Amino acid sequence: MFEIMRATGGYYWRLKASNGETICHSEVYTTKQSAEGGVSAAKRIIPTASVIDRT
């Protein structure tokens, strides 16, 4: 699930797993609308994202 959170100076989103752990989070956006747009972008990209092992 994605959550929109308040931060100092704006908003950010975080993606949480079913066990409640935060998997990842965004940068701080200046507006809530921008954070919502970031969630939309992440939802579009995540299903097709590749994994690149740079170790």
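Q: Is F2 buried, partly exposed or exposed?
A: F2 has a relative accessible area of 26%. Buried requires under 20% and exposed requires over 50%, so in this predicted model the value of 26% places F2 in the class between them. The class of F2 is therefore partly exposed.

Q: What is the order of the elements in the chain from the N terminus on?
A: The chain contains one helix and three strands. Its C-alpha atoms fill a box of roughly 35 × 25 × 20 Å along the principal axes. Read from the N terminus on, the elements run β-β-β-α.

Q: In which strand is confidence lowest?
A: The chain averages a pLDDT of 96, and 100% of the residues score at least 70. Confidence is highest in strand 1, at 98. The lowest value, a mean of 96, belongs to strand 3.

Q: How many aromatic pairs does the count give?
A: Ring centres must lie within 6.5 Å to pair. By this rule the count comes to one.

Q: Which geometry does the aromatic pair of F2 and W13 have?
A: The ring centres of F2 and W13 are 5.3 Å apart, and the planes make an angle of 70°. The pair joins distant parts of the chain, with F2 in strand 1 (residues 2-7) and W13 in strand 2 (residues 10-16), eleven residues apart. Planes over 60 degrees apart count as edge-to-face, so the angle of 70° makes this pair edge-to-face.

Q: Is W13 buried or exposed?
A: The cut-off for a buried residue is a relative accessible area under 20%. W13 has a relative accessible area of 8%, and therefore W13 counts as buried.

Q: Which strands are the edge strands of the sheet?
A: The open sheet of three strands has the order 1-2-3 with antiparallel pairing. An edge strand here pairs on one side only. That applies to strand 1 and strand 3 (22-25).

Q: By what angle are neighbouring strands of the open sheet of three strands turned against each other on average?
A: The sheet has the order 1-2-3, and its pairing is antiparallel. With direction ignored, neighbouring strands are turned against each other on average by 35°.

Q: Which residue in strand 2 is the bridge partner of I4?
A: Strand 1 and strand 2 run antiparallel and are joined by six bridges. In the hairpin of these strands, two residues lie between them, and G9 takes a positive phi near 90°. Within strand 2, the bridge partner of I4 is W13.

Q: Which residue in strand 3 is the bridge partner of L15?
A: Three bridges join strand 2 to strand 3, and these strands run antiparallel. Their hairpin has five residues between the strands, where G20 takes a positive phi near 90°. K16 stands opposite T22 in strand 3. For L15, the bridge partner in strand 3 is C24.

Q: At about what angle to strand 1 does helix 1 run?
A: Helix 1 comprises residues 32-45. This helix lies across strand 1 and strand 2. Relative to strand 1, helix 1 runs at about 150°.

Q: Which residues are linked in a network of salt bridges?
A: The count comes to two salt bridges. One of them joins the side chains of R14 and E3 at 2.6 Å, N to O, linking strand 2 to strand 1 across eleven residues. In the other, the side chains of E3 and K16 meet at 4.0 Å, N to O, with E3 in strand 1 and K16 in strand 2, 13 residues apart. The network consists of E3, R14 and K16.

Q: Is K16 buried or exposed?
A: The relative accessibility of K16 is 19%. Buried means under 20%, so K16 counts as buried.

Q: How far apart in space are Y12 and S40, C-alpha to C-alpha?
A: Y12 is found in strand 2. Leaving out residues up to four places away in sequence, Y12 touches several residues, including E3, I4, H25 and Y29. Y12 and S40 are 28 residues apart in sequence, while in space their C-alpha separation is 13 Å.

Q: Which percentage of the residues of the chain counts as buried?
A: Among contacts with a separation of 6 or more, residues 24 or more positions apart account for 20%. Of the 55 residues of the chain, the share that counts as buried is 22%.

Methods. Residues are numbered from 1 along each chain as its sequence is written. This is a predicted model: local features need pLDDT of at least 70, side-chain atom pairs count only at pLDDT 80 or more; totals for chains, interfaces and linings use all residues. Side-chain values use heavy atoms; hydrogens and water are left out. Rings of Phe, Tyr and Trp (its six-membered ring) pair if their centres lie within 6.5 Å; planes under 30 degrees apart count as stacked, over 60 as edge-to-face and the rest as tilted. Helices (H or I, at least four residues) and strands (E, at least two) are DSSP runs, numbered from the N terminus. Buried means under 20% relative accessible area, exposed over 50%, partly exposed in between (1.4 Å probe, protein chains only). Two strands pair if DSSP finds at least two bridges between them. Axes are lines fitted to C-alpha atoms, for helices over the stretch in contact, and angles run from 0 to 180 degrees between N-to-C directions. Contact means heavy atoms within 4.5 Å. pLDDT is the predictor's confidence in each residue, from 0 to 100.
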